[in-house]
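Let's take a friendly walk through this model in questions and answers.

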Amino acid sequence: MSKDYYSVLGVNKNASQEEIKKAFRKKAHEYHPDKGGDEKKFNEINEAYQVLGKADKRSQYDQFGSAAFSGGAPGQGQGFSGFSGAGGIDFDDLGDMFGGFSDIFGFGGGSKKQSQTKRGRDLELSINLEFNEAAFGVEREINYQRQNQCKTCDGQGGSDMKTCSTCKGQGKVMQVQRTILGNVQMQSTCPDCKGRGQKPSNVCSDCRGSGLSLEKMKFKVKIPAGIDDGESIRLAQRGEVASNGQAGDLYLRVSVKPHKEFVRQGSEIKSEQFINFTQAATGDKIDVKTIHGLVKLKIPEGTKSDTVFRLKNKGLPRIDSHSFGDHYVLIKIKVPKGLNRKQKKALEDLNL
Ligand SMILES: [Zn+2]
Ligand SMILES: [Zn+2]
């Protein structure tokens, strides 16, 4: 049975990673068992977040559904029967407000250190586009900073590497943690060498031994024609780089400025066009403004107000295809106002 993780978190399918994270925090807070919340619901929320919170797992889920994660996502914090269905609880994502909770279970700190051996964090930037830029595509220069391996020491934290004495080169240490469920033995990343198994004798002065530094990023991105408000572009491995060299992704979240006259719906455009009474009665050929320029539209005689005409392929390009949406024109008829006596008489004589 496939579960709808999006509805569990109460977000829509286009939600950004940041929105998912926010929704998770809010829900987790609400159903937090430590505060008398519903534990079953809390586990469900956590399971959903284990998948949707990670961009790679999320795209797998979008393709294959929750069946791809049967039994919940594999987690680091095994052995806690109360939360066995939940997989690993990501305390990093819960943030400080759950400080007390993670202390009880004794792996708040451990989970933070473990995350350093995973790939770097995904980053998100927002970009604002004009209506036509979104319609026809545009090239944008992107500027931001990300964490990357220190260039001076190649991420080693220094030179003259020696085997770490704390973990004997294993990169991991076993720790016995006291929890309310008793003593639990946990493996965590060596705090001394940050899991590398080696430590420099000469500590790098640029990164003070962390092996990480901030990198200025600047490059051009082609925004595809037809992108819509709220959609994101994923740039693989442009996110933060972890100390092991594995990079997260960068997401560009797109906001599109509304158009003054056009209403966009996906690849379709709607607009209103006023014609006068005579044009409606006798028919005419009018110019309609579209994103492709002026297009002739034949108004048949006897056209009623609120009639909709379709201009085929005059909408926006459909993303990932070479076709275009349509432009719909809603016809409104201007009723003459402020007529003089002679004009009124003439209309009355016509007896329409
Ligand atoms: Zn070590
Ligand atoms: Zn360095």
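Q: How many aromatic pairs does the count come to?
A: This is a predicted model, in which local features need pLDDT of at least 70, side-chain atom pairs count only at pLDDT 80 or more, and totals for chains, interfaces and linings use all residues. Residues are numbered from 1 along each chain as its sequence is written, chains are lettered from A and ligands numbered from 1 in the order in which they are written, and side-chain values use heavy atoms, with hydrogens and water left out. Rings of Phe, Tyr and Trp (its six-membered ring) pair if their centres lie within 6.5 Å; planes under 30 degrees apart count as stacked, over 60 as edge-to-face and the rest as tilted. By this rule, the number of aromatic pairs is 5.

Q: What kind of pair do the rings of Tyr 144 and Phe 219 form?
A: The ring centres of Tyr 144 and Phe 219 are 6.1 Å apart. Their planes meet at 80 degrees, so the pair is edge-to-face.

Q: Are Tyr 144 and Phe 219 buried or exposed?
A: Buried means under 20% relative accessible area, exposed over 50%, and partly exposed in between (1.4 Å probe, protein chains only). Under that scheme, both Tyr 144 and Phe 219 are buried.

Q: Which charged residue sits over the ring of Phe 219?
A: A charge sits over a ring if NZ of Lys or CZ of Arg is within 6 Å of the ring centre and within 35 degrees of the ring normal. At 3.9 Å from the centre of the Phe 219 ring, the charged end is that of Arg 238.

Q: Which residues coordinate the zinc ion (ligand 2)?
A: Donors are N, O and S atoms within 2.8 Å of the metal (3.2 Å for Na, K and Ca); water is not among the atoms, so sites may look incomplete. Here the donors are SG atoms at 2.3 Å, with the spacing C-x2-C-x50-C-x2-C along the chain. They come from Cys 150, Cys 153, Cys 204 and Cys 207.

Q: How many residues apart in sequence are the parts tied together by Cys 153 and Cys 204?
A: Both cysteines are buried. Cys 153 lies in the loop between β2 (138-149) and β3 (158-163), and Cys 204 in the loop between β6 (198-203) and β7 (212-223), so the separation in residues of the parts they tie together is 51.

Q: What is the arrangement of the 4 donor atoms around the zinc ion (ligand 2)?
A: Four donors count as tetrahedral if all angles lie between 85 and 135 degrees; four count as square planar and six as octahedral if opposite donors are over 155 degrees apart and all others between 65 and 115; anything else is irregular. The ideal angle for four tetrahedral donors is 109.5 degrees. Around this ion the angles are 105 to 114 degrees, which makes the arrangement tetrahedral.

Q: Which residues does Cys 207 contact, leaving aside its neighbours within four places in sequence?
A: Cys 207 sits in the loop between β6 and β7 and, with a relative accessible area of 7%, is buried. Contact means heavy atoms within 4.5 Å. The partners of Cys 207 are Cys 150, Cys 153, Gly 157 and Leu 212.

Q: Which protein donors hold the zinc ion (ligand 1)?
A: This site is tetrahedral too, with angles of 104 to 115 degrees among its 4 donor atoms. The donor residues are spaced C-x2-C-x22-C-x2-C in sequence. Lying 2.3 Å from the ion, the SG donors belong to Cys 164, Cys 167, Cys 190 and Cys 193.

Q: What share of the chain's residues count as buried?
A: The chain has 10 helices and 15 strands. Out of its 352 residues, the buried share is 39%.

Conventions
Helices (H or I, at least four residues) and strands (E, at least two) are DSSP runs, numbered from the N terminus.
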